[in-house]
Structures are given as C-alpha cells and as structure tokens.
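Subject: Structure for you to look at

Hi,

Here is the structure I promised to pass on. Have a look at it first, then read my notes below.

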Protein chains: 2
Amino acid sequence: MDAEIIAVGSELLTPFRQDTNSLYLTGKLNELGIEVRFKTVVGDDRERLAAVLQAALGRSELVILVGGLGPTKDDINRDVVASVLGRPLREVPEIRARIESRFKRLGRPMPENNLRQALVPEGAEWLENPNGTAPGIWLELGSTTLILLPGPPQELEAMFESACLPRLERRTTGERLRSRVYKVVGLPESEVDLRIAPIYTAYTNPTTTVLATLGAIEIHLRARAASDAEAEALLNELGDKIELALGDHIFSTRGESLEEVVGMYLMMRRRTVAVAESCTGGLLSERLTRIAGSSNFFLGGVVCYSNELKTLLAGVPEALIATHGAVSKPVAQAMAEGVRRRADASLGVGITGIAGPGGGTPEKPVGLVFIGLADEKGTSVREFRFPGDRERVRFWASQAALEMIRRRVRS
Amino acid sequence: MDAEIIAVGSELLTPFRQDTNSLYLTGKLNELGIEVRFKTVVGDDRERLAAVLQAALGRSELVILVGGLGPTKDDINRDVVASVLGRPLREVPEIRARIESRFKRLGRPMPENNLRQALVPEGAEWLENPNGTAPGIWLELGSTTLILLPGPPQELEAMFESACLPRLERRTTGERLRSRVYKVVGLPESEVDLRIAPIYTAYTNPTTTVLATLGAIEIHLRARAASDAEAEALLNELGDKIELALGDHIFSTRGESLEEVVGMYLMMRRRTVAVAESCTGGLLSERLTRIAGSSNFFLGGVVCYSNELKTLLAGVPEALIATHGAVSKPVAQAMAEGVRRRADASLGVGITGIAGPGGGTPEKPVGLVFIGLADEKGTSVREFRFPGDRERVRFWASQAALEMIRRRVRS
C-alpha cells in the first residue's frame, strides 16, 4: 500500500515552522510495510487544498490529511473533504454531547463554532481524540482510504496509535516492514562505506541507507517480510555481517545517543565521572546530564574558560600553562587529573582547544582540541583537528570525549 | 508572484530526513514579496516527479525544483524536466570543459557519468555553482519560471544568492515584503496576545503571527509595500505600538537569541559572569559560550551535581545543605555568591532544582527550581515551577537565568 501525507496550515508555508508530524507518521506507516510516496504542504485555502486532495485521491491508496480540524474558520479540512467528495456534513449527536458536556464541566458558555467539530462527512467514521476536542475522521472510498487527523502532535500521535494503527494493521496484506539503525563513531563516511558497501549491495531486502549526521554515521536497514519474525531474521542476517565489518565502531543498535550509551556503561560498571571543559563550555556536562538518572554516575564538572579558573577549579599548575599554553597536551592531562582528584571520581575528563572563529594561530589553528582521560590506571591524551565552525568544533569535541569514555569503560 | 517548491529525494520520504532548504528559500522569496503556496516532497521516481512538476507548472508562476542534479543515475531532475517540457538536453561545452579541467587538476580520471552535469534543456540558462560541480538551471516558460537548484544547502544557498536573487529582483513588480520578529520572555502567550491583539488586529498590512516557541513568544510582522522604505515604515508604525504594549519583555527585535542579547549587554557594560549549576547540568554555561567572543565576559562555571561538589566548587556551607536541602533558596543564593567570589566575577549565578523525571517529592516537586543572582549590590533569588519534561525544565531554567542576568545588566 502506498501513502501520501498532506499537511494543511499557512504557518507551515512560512520560514519559521515546519511540518514534523509527517516524520512520525512515516515511521509508523513504514512499520506496517506502507511507503510514503508524496508529502505536500498547503495553506488554509479551500481551492488549493481541494486541488491537492483531488490529485492525492487519484494516485494513492492511503491519504492522510493533517491539521485544520479545530473550531475556527481557518479550519477548513472538514468542509473541503465534504465538497471534494460531494458528501454532505452530518452532525454526530455523540460528539455534540461530548463538546457540550465539556463546556458545562468547565462552567463556561460554549461558543457556537465549537459545534463544527461535531460535523462529519456522510459515510465517515469518527475517531476519538484522547488528548483534545477535535475528533478525527476515517473514510473508505472504494480502494482508497482517507484519514483526517488533528495537527497538534500529542493529539495526532495518540489518535494514530489508538484508532488508526489497529485499523491499518487489519488492512495491510500481512507484509511487515522492520527497520534497524546502527550508529558509528570514529570512522569517516567514506571508510564506513568502503567496509560495508560490498556487503549490503548484495542485498535488495533489507535495503540499506548510509547517512552522515553531525558526529556519527548512521546505517539504516529496512526489511520486508510476511511476518515481524521473518523481517527480523533478514535484519539479523545482514546486520551481523555489518557488525562484524565495523566492530566496536558501532556504538548503538537501538537508536540510543552516544551519551545514553556512555551513561549506561558507567552505571553498569558503577563508575563515576567528572569533567573539566574549556572550549566546549559545558557541552559535555550538559550532554551527560541530559540522561535521567545521570546523578548516579555524573558527579560534576568545571567550565574553566580563564587560565585562573583552570588553576583554581581544576588544579592546573600555573607554570604548566605558562610553559605550554592553555591549549596543550599537558594542560588537557592536568585538567583531567585535577578534576578527577577534586571530585573523587573514577574517571576525569579534560578538554582544551580552540573553537573559533577567533583565537587561532598558525601553530594552534581553530579546531585544534586536546582531550585527556584519567582513571586509576593513568591518563591518556588525544589531539584532534576538527573541521567546521564553532558549533561543529564544540560538538565534535564533546563527541570525541564521550567516545574516549565509552572505550575506556566498555572494556 | 506565487511560488512553489518541490524537493526531490527518496531520503526525504523516510522518518529520518527532512527538507530544510524550503525554509531558507521561503525566507528569501518572502523578502521579494513572493509567497510560497505549495511545498511538495517526492522521491527519485521519474513518473511521480513528472506528475508533480506538471501540476506545479500549471498553477504557479515560479517553480523551484531542489535536488537531483548530481552525476548518479538517481539524479533524475534534468531528464524529467526535459521530457515534461518536450525539450531535448544539449551539452554545454563550457560546463563540460570545467568538469574535465577539475578532474585534471585533481589528477584523477573522470567517470563518464560526470558529463551528465553538462546537459541542459534546450532554451535554458545555466547557473554557476560556487560551491560544487552541478550547475543550476533557469527556464523561462511563457509566464512561468522554472529553476533547478542543487540539494546540498551550502550549494543551493550560494547559487540562489548569486544567480537567482538578482534575476528575481528584476522580475518582481517592485512590491517588497519586509518582516520583523519580536521575541518576548517572561509573559505567557495568552498574556502577550491579550496585550497586543487589540493593536495588531486593526492592521491587515503588516500581517501579524504570534508563535510560542520553547522559552519565548515570537511576534512576526510582515509588511508589503512598493519599496523597502515604505514597508519598513509600516513595520515601524505597528512595531512601535507593540513595543510600547510589551515594554521590556521584548528582548530581541532582530532575531537574536537571549544568550546573544545577554552577551552583548555584558560586553557593553564590561561585566563578567560565572555560574554554578546543578539541575541544568552545564546548559547555562554552554549557552553563554555558544557566542563567539564569550571569553570576554564568561569566566567559568561549575556543575555541582553532588552535595560534596556544591561545597567544594561553589563554597556552599555543608550545614546550609543539611538544614534546607540542596534544592532551596539559601543554597541557590550561596551557589551564586560562592562562584562569584571564587571566579572574581561581576555577577554570579546559582541554579538548583529538580529536572525530573525522578527526585520529586510533594514538597519539592519536579520542575521546582531556585535561581540566585549575585553582584556587588547583593543577591536576589527567585523560585520557579516549570512544567514539562526534563529537557523542558532544564531549558526553561537556563532561559529564566539568562533573563535575570539581562534585567540586571541592562539597567
């Protein structure tokens, strides 16, 4: 079954807002073996929406119309569907009663236009909205299915899960689509592809897509089969070969972020960490503490931008900075060891570098970063030269530090 | 003139990738008074792309086709345009010569398929690609203009600025569209709208849109006029009234982020800041150091997750934590004062709270955050109860701290 998604709303045609519901819907539809072939964004305009809807109904077996189900006059989806299909709108007493009782409960008078939400095209089913007032609409039109969903993501997602997924599961031919994502760190995209292209090009099912994201390469596998178990078996067959080819460069097989993986290892091994950051400005601490429960492994950090604070907070000897400069291997080492000692942590991390745009010299250019990692066995320091702007250098530096921690605690 | 944008690429129909070029293009087109009426995403499929292109050419005066200009067989845009328009592809000797000399310079043999990039539909102009090899294509088709741009954002943006903007400027009727964004902090959306709706609803030009984003309310004004100066005058007239109604709750009028505004004030006033964070985990330091040149005002920070580190790094007396608990007004005050003193900064910030999901109690629920701000005149502490999940609580807390700094240094 092929699907298309139409997002309705003039705000989605400004530079400031973007349709993100279609990403959620695409993920869910793919799991059912349904591919999305077109996505369209159109404003709150009857004529234009009618044209888009007509084209969609003529070419796709499943059309999902998102947004425009509220009580205001901008909410045109119900009307346009009724007129394109030539079916009158009928009031559903049950929906009307719910809306009226809701306002009664709130002790507020009901604006008349709220009753528009009780209107449904003839022959349609309506779909319960667990998180809002506007019901969804489900229409069977011969071989085509048309679904109207509300725009707010928490309403759309809850309605799709509770009302649409079970209906679509019954209708799909039994073919299932399962996907898996491997995340790789420490290898450039070209090297990843060199290692695995000879493997994955031999398969048409699963299909393989390699995506470069900031700080990681992602390998997406999608398998089709008659059952989930068969699709998983196909994923396992190709996936095992890919895992073998990339080894421990794969840090995640279930979509986890690098900080989640690192946090999991730290908790499993009952290790704690403290960090001293200069050029990353707190980003490494921030990423480690995004994880719920991070107080189990993260003790604290210092952001020592000035030389004085490198000495005061991380115990870096003044003489070391004077001799080697703040951006140097010995200072990264001293920061890692100093913060580890002060916080009494199992592991200490020190990051010093030049994030740019200013501050670079021919000897120490923008992008030069030293990362130290200390534990009870000793301290290792690595030198990096990251490309890109300030934001990228900072992110890459935090990513490299997390990867150093991962390799240390995993073993 | 009405435009529509078609993004081509199967990866844009997966749950993992999204078309973002259209946001950039929409912003630039709006400045020229051109509105975007439709956005479509379609995969690398000749038949489907042809259908989408045909519909677009039938209804829009300006059609921009993005992606699919590379050398591989997935890059179908040139071919599909030629076949939809019934115009043969012709090789442009100048483009061919450039591609050949590029490979000669690199000392590599040229794969034959690269010459596909030298093909252009009969009657088309080609557009220089300052950041890549694939040239763009410009076609005048009676009253319709069709532009083909490459997909990588840095190539698309450079080509659009250098080749498309000047051409479009000559063609637009002289009507100009200018926009302005006010960002507001410290007031809920309903309160913002209550204050300004009576003002902006009296205007149809500029149009006004109020958007709630995480941590701020944005007010977007768009004015149309015969010249930039007239459009600016319209923006000024309505904008002045909005500024009066919202006063110093407006922190930005040119799109700056709150941290940029705070950094600018700190630099202007030659003030420095140091921060002690608990629940925000380094986010406030990270936001303050996103700004290039932040070493002029940001001295450093401590992330003291554990009670021991609150004492060790921020000088919070153990007895204070024992008496009031780590999440308390006195501890936020002591953190702000302690870090200010240690870093010898003009301003000290202390943040302690419960970001969740765990750790809440009936007396101290998830979302409770205390923020202290210390300077030479004294220390103020505010108590907040932020709604939402861990990520939102942390962001809101960093936002509130920045707003406290802004109010302190602005005066």
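In S11(A), Val210(A) has Ile219(A) standing opposite. The two strands involved, S10(A) and S11 (residues 216-225) of chain A, pair in the antiparallel sense over seven bridges. (Two strands pair if DSSP finds at least two bridges between them; strands are DSSP runs of E with at least two residues, helices are runs of H or I with at least four, and both are numbered from the N terminus.) They belong to an open sheet of four strands, ordered S10-S11-S9-S12 in chain A, with antiparallel pairing. S10 and S12 (250-252) of chain A sit at the edges with a single partner strand each, so one side of each has no neighbour in the sheet. From one strand to the next, the twist averages 35 degrees.

Before you go on: this is a predicted model, where local features need pLDDT of at least 70 and side-chain atom pairs count only at pLDDT 80 or more, while totals for chains, interfaces and linings use all residues. Residues are numbered from 1 along each chain as its sequence is written, and chains are lettered from A and ligands numbered from 1 in the order in which they are written.

Now for strand S2 of chain A. Why is S2(A) (residues 35-42) largely enclosed by the rest of the structure? Seven of its eight residues are buried, so the rest of the structure largely encloses it. (Buried means 20 or more other C-beta atoms within 10 Å of the residue's own, exposed means 12 or fewer, and partly exposed is in between; C-beta atoms are placed from the backbone.) S2(A) pairs with S1 (residues 2-8) of chain A in the parallel sense over seven bridges, and Asp2(A) stands opposite Glu35(A). S2(A) also pairs with S2 (residues 35-42) of chain B, antiparallel this time, over five bridges. There, Lys39(A) has Val41(B) as its bridge partner.

What about the contact between the chains? Chain A gives 49 residues and chain B gives 49 residues (contact means C-beta atoms, placed from the backbone, within 7 Å). Elements that each supply at least two residues on the chain A side include H1, S2, S10 and H12 (329-343).

There is another sheet to find. This open sheet has ten strands, in the order S17(A)-S16(A)-S15(A)-S13(A)-S14(A)-S14(B)-S13(B)-S15(B)-S16(B)-S17(B), and its pairing is mixed. Its edge strands are S17 (378-385) of chain A and S17 (378-385) of chain B, each pairing on one side only. Within chain B, S13 (residues 273-277) and S15 (residues 347-353) pair in the parallel sense over five bridges, and Glu277(B) has Ile351(B) as its bridge partner in S15(B).

Last, the cores. The largest nonpolar core has 152 residues, and Val273(A), Val349(A), Ile371(A), Val273(B), Val349(B) and Ile371(B) have the most contacts inside it. (A nonpolar core is a set of buried Ala, Val, Leu, Ile, Met, Phe, Trp, Tyr and Cys residues joined through C-beta atoms within 7 Å.) Not counting residues up to four places away in sequence, Ile371(A) touches residues including Ala332(A), Val381(A), Phe384(A) and Met404(A). Another core lies apart from the largest one and has 89 residues, among them Leu12(A) and Leu53(B).

Cheers

Methods:
Two residues are in contact if their C-beta atoms, placed from the backbone, lie within 7 Å. Axes are lines fitted to C-alpha atoms, for helices over the stretch in contact, and angles run from 0 to 180 degrees between N-to-C directions.
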